[in-house]
Amino acid sequence: MNDKKLPRINMSSPDLTEAERQAVISVVETRYLSMGPQVRAFEAAFRDLFDFKHAIAVNSGTAGLHLCVRAAGIGAGDYVITTPFSFIASSNVLLYENAVPVFVDIDPETGNIDTRMAAAAAKDLQTGGAAAQRWLPRRGVAGGGVLKAILPVDVFGQPADYAALQAIADTSGIKLIEDSCEALGSTYKNRPAGALGDYGVFAFYPNKQITTGEGGMIVTNDDQAAEFMLALRNQGRAPDDTWLRHTYLGYNYRLDEMSAAIGAVQMTRLDDLLKAREQVADWYNQRLANVAGVEIPHILPETTRMSWFVYVIRLDSGVQRDTIAARLTERGVPVRPYFAPIHLQPFMMERFGCQPGDFPVTEDLGARGLALPFSGKMTEDEVERVCQTLQEAL
Ligand SMILES: *Cc1c(COP(=O)(O)O)cnc(C)c1O
């Protein structure tokens with residue numbers, strides 16, 4: 001097959017230039033490899049671009065979400081409403097504090113939290129007793145927990161329905177933690193992702209819209225929470241603490257200066273990076289709109305700007321997704337099933353007694369979703385090759 005001569009298509013690619021390389025070199029020529037000016041500049045870029053009051057750089061998106069969980073006062077036995085259609089980190093940060101993820105299913109179009117179910121769950125959990133019981137996991141829960149927060153995920157870059165979610169948070173008097181790790185640059189009704197709850201978190205792993213290698217950013221307008229999270233990031237040192245005095249139980253969640261320097265340059269290029277990704281998504285959308293057996297992503301009118309993190313298609317129910325995936329991989333087109341439902345991960349089944357069938361929409365989308373190669377560096381020819389290969393495989 002002459003396919004073999006074609007260059008390999010990458011699943012994702014960071015988009016780095018000479019400017020990022022120079023920025024790293026400049027840092028290593030100084031004495032400041034941590035807690036220096038680059039982190040401050042990277043944080044300032046977030047505050048300036050999106051009008052966030054506080055931006056706190058951390059060394060991963062997971063670390064950022066964990067600090068939000070602490071800031072929201074979520075502790076052992078507390079309930080947090082979230083979804084099992086996500087990357088594992090959004091639930092794990094609850095388990096770090098021995099809180100209980102109360103899963104609700106998702107909207108079948110977007111994969112985002114089903115807000116009607118979230119509202120019903122919030123009401124029942126606050127009522128307690130048998131009403132609460134129907135939302136709780138089969139085991140691993142003491143019962144009598146307190147509902148503290150909702151943690152929605154902006155799936156694949158598309159913001160959840162925050163008008164509905166804010167109403168639930170207000171009615172219930174609970175916090176709203178936005179996992180916007182996939183949504184840097186998206187807007188919901190012209191408001192930026194990350195600013196749609198009490199706290200938002202971005203992530204900068206190499207496949208994200210911008211990268212720092214590893215890294216994350218918390219954004220919030222809450223002064224008290226920001227001060228607390230800054231302390232926890234830095235081993236629990238409160239503003240008046242000395243190097244060896246620790247007011248709180250904290251962590252080393254600091255971002256280093258080399259990573260921050262890359263991030264600061266990436267932020268100056270953000271609009272171009274997002275436009276390049278949008279162009280690639282547009283090519284895919286046009287090319288796949290009328291391919292039988294393939295469903296392209298649904299973008300809602302409320303998503304006034306879509307920042308594309310991944311390009312995930314859904315195959316029709318009759319199609320053997322894993323067979324198609326294997327054929328594509330064989331022909332040099334890497335693809336990934338996306339997402340694997342969190343409630344069916346081995347440790348989650350073990351701990352909470354989750355079972356197949358518990359969240360049918362999550363499981364359906366999980367079984368039919370296929371992430372195609374995607375980055376802002378892809379060419380139209382590469383997109384064509386992926387689509388051609390996909391059609392042949394089908
Ligand atoms: C990427 C991502 C995170 C954070 O990942 P890190 O690897 O810790 O930076 C969290 N939630 C979602 C939904 C993500 O996609």
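**Exercise 1.** Determine which strands helix H10 lies across, and its angle to S12.

*Solution.* Step 1: locate the helix, which spans residues 270–288. Helices (H or I, at least four residues) and strands (E, at least two) are DSSP runs, numbered from the N terminus. Step 2: identify the strands; H10 lies across S10, S12 and S14. Step 3: state the angle, about 20° to S12. Axes are lines fitted to C-alpha atoms, for helices over the stretch in contact, and angles run from 0 to 180 degrees between N-to-C directions; contact means heavy atoms within 4.5 Å.

The model is predicted: local features need pLDDT of at least 70, side-chain atom pairs count only at pLDDT 80 or more, and totals for chains, interfaces and linings use all residues. Residues are numbered from 1 along each chain as its sequence is written, and side-chain values use heavy atoms, with hydrogens and water left out.

**Exercise 2.** Give the order of the four strands in the open sheet, and explain why one side of S10 and of S13 is left without a neighbour.

*Solution.* Step 1: the order is S10-S12-S14-S13, with antiparallel pairing. Two strands pair if DSSP finds at least two bridges between them. Step 2: S10 (294–295) and S13 (336–337) are at the edges and have a single partner strand each, so one side of each lacks a neighbour in the sheet. Ile 313 stands opposite Leu 370 in S14.

**Exercise 3.** State the bounds of the two domains and describe the contact between them.

*Solution.* Step 1: domain 1 covers 18–268 and domain 2 covers 271–393; such bounds come from an automatic or database domain assignment. Step 2: the contact takes 45 residues from domain 1 and 40 residues from domain 2. Step 3: the C-alpha centres of the two domains lie 24 Å apart.
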